[in-house]
Amino acid sequence: MQALYETKHADLENALLDSLDSREPWSLIERFTSLVRESSSEDERTAFNYIAERLSALGVPHTMHMPELFLSVPVSASLIAGEKSYRSKTPGFSISTPAGGISGEAIRIEGFAAGRSVDFFDFSPTTDVDVEGKIVVVDGFGGPPPVWYFQNKGAKGAIFINPGVDIHWGICTTIWGAPDLDNYHRQPTIPVVSINRPDGEDLLKQMENGALNVTLHTELKEGWFECPCLVAEIKGVIEPERFVLVHGHLDSWDVGIGDNAVGDATLLELARIFQDNRDGMARSLRVAWWSGHSTGRYGASTWYADAFGLDLARNCVAQMNIDSPGCRWATEYRGVTVMSEVEEFAATSVKDSTGKGFSGERPHQAGDYSFNNIGISSLFMLLSSMPLSKAEEMGYYPVGGCGANIAWHTENDQLEIADKDNLMRDLRVYATALQRLLNNPLHPYDFRDLAAEFKATLDKYAAAAGDDADFGPAYCALNDLNDALDALYVESAGLADAAVDDPRVRAYNDALLGMARELVLINYTRKGRFRNEPAVRVPELPDLAPAMDLAEADHHMRRVTRTHLLRGVNRVAWAFETSANIARAALKTFNG
């Protein structure tokens, strides 16, 4: 399989890498240091216009869409407890309180260490406390899962104590993108504030003296806003209808240099070098800058997935997200977001372009990964990161960007968070991977790696379910899929150096995209194609994940879960069977 991952156009790749220049991206970064790019703001429009003007100057074709996005933009917040007032921030989609605020008795929630994890889209309560009519005080960042959990438990409000001396902005809705009839009811209904660790410790001391009444004040600007969405397209010369989508968000908290001016600069430089080398591109490259990432829960990328869903389903080869590259002290490629079928390709791209090692991890239900519900193989989100030893030396806690610098989502995310050398190194990774996706004859996906992941997942769930569920049909279909994949990859081995427009190459690539549309879908969605998942963790093969809950289920829920798993096994087995049939159909084309 190594032949799938290596470049077939070394001269073009070298030309692209040699043409990388820090001047264009660094000029953008410096310009953005004076722009607070809040979604729907004038500064955001200025930033989008800056990029559009640079694309015009560079001769890159582009379109500025202006969709309406549903946003919730924090304006102000405060917390009053006893005689003290604490500096606070409210996350996007907290409710705005009446003028007098919302008051209630504060209640300490112990044992929610997961709330301080870098996985802001997972939450596993370890205690069951009666919070009805109370305002909960919890360690963590105040992401969607804990807010949803406490709201449904009847809490009146929530106070989150961030881990350090800074308060991090965030967003607390589980709704992904604009609400629709399936999910509008999930919008938060309680006020939420975050405070820093020193103030949190002071608040907890006050609570030790007996019942403490607290008052939350929150104000947010919420509604439908017209926002820019900029998409450049550089057409390939052999398969122009097929494209790779590379993208990142432009909106920011404060000036947001590490999150995500560096990504915006990276996208601009990629557009420049591929435009200059467009005559050598077999397939097309789309480069997109999104609004509404932070205050619209991935608003513009979700809008694009909706508005161009059919085109994406038919023709998108891969999607690559670029968020927080090139940050201070970020010298390692560890825990990089990547799907299993493309992990070896990603590792090879990093190794060939930087000489560095690589470790990947399953994509979180996070970032602008708004395309899982179409079934698109995906790689990258956050890329380089500081070594764990450096984070420990600095006393840093995990955060969700900025190369692990804790300036993430704070006013401290300024120019010093960007590192020009690290940015240029990361650009080499992106350029290398994109060149190979665009120009190598065969798409670099090994679905046998994904099938191995599926086998491990089925084993875990089957062990947990015991006699309560029959995973046999899924195992049988997976075995059949493995046989079909083995045959497909053996038969296609001689095509690695064929022409992109060889009919056998097209048949092979069509089969890979067809299988991705099935296998990515069942591995990352419950809702199905073209429907959005909530912004909470999606486990492997989510239709079967409730098997892990059977041991604790009562009589009724055990039977409910059995029914769910029976249906889930059908869905999973059918996707395996469909994918095997796609592989075999491609084999007939080879032999016909």
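Buried, as used in these legends, means under 20% relative accessible area. The views below come from a predicted model.

**View 1. Trp176 and Tyr298 bring two loops together as an aromatic pair.** Their rings sit 4.4 Å centre to centre, with 50° between the planes, which is a tilted arrangement. Look for Trp176 in the loop between β6 (157-161) and β7 (192-195), and for Tyr298 in the loop between β11 (283-290) and α8 (299-307). The two are 122 residues apart in the chain, and both are buried.

**View 2. Trp290 and Phe371 form a tilted pair.** Here the ring centres are 6.5 Å apart and the planes meet at 40°, so the pair counts as tilted. Trp290 belongs to strand β11, while Phe371 lies in the loop between β14 (360-361) and β15 (378-379), 81 residues away. Is this pair buried or exposed? Both Trp290 and Phe371 are buried. They also belong to one aromatic cluster, together with Trp303, Tyr304 and Phe308.

**View 3. Two charged residues lie over aromatic rings.** Lys89 is placed over the face of Trp169, at 3.5 Å from the ring centre. Arg286 is placed over the face of Phe243, at 3.7 Å from the ring centre.

**View 4. Helix α14 packs with helix α16.** Helix α14 covers residues 472-491 and helix α16 covers residues 555-591. Their axes are 8 Å apart and form an angle of about 20°, which makes α14 roughly parallel to α16. The crossing of α14 past α16 is left-handed. In their contact you can find 17 nonpolar, two polar and five charged residues.

Terms used:
Residues are numbered from 1 along each chain as its sequence is written. This is a predicted model: local features need pLDDT of at least 70, side-chain atom pairs count only at pLDDT 80 or more; totals for chains, interfaces and linings use all residues. Side-chain values use heavy atoms; hydrogens and water are left out. Axes are lines fitted to C-alpha atoms, for helices over the stretch in contact, and angles run from 0 to 180 degrees between N-to-C directions. Helices (H or I, at least four residues) and strands (E, at least two) are DSSP runs, numbered from the N terminus. Angles under 35 degrees count as roughly parallel, over 145 as roughly antiparallel, 65 to 115 as roughly perpendicular and the rest as oblique. A crossing is left-handed if the near helix is turned anticlockwise from the far one by less than a right angle, and right-handed if clockwise. Ala, Val, Leu, Ile, Met, Phe, Trp, Tyr, Cys and Pro count as nonpolar, Asp, Glu, Lys and Arg as charged, and the others, Gly among them, as polar. Rings of Phe, Tyr and Trp (its six-membered ring) pair if their centres lie within 6.5 Å; planes under 30 degrees apart count as stacked, over 60 as edge-to-face and the rest as tilted. Buried means under 20% relative accessible area, exposed over 50%, partly exposed in between (1.4 Å probe, protein chains only). A charge sits over a ring if NZ of Lys or CZ of Arg is within 6 Å of the ring centre and within 35 degrees of the ring normal.
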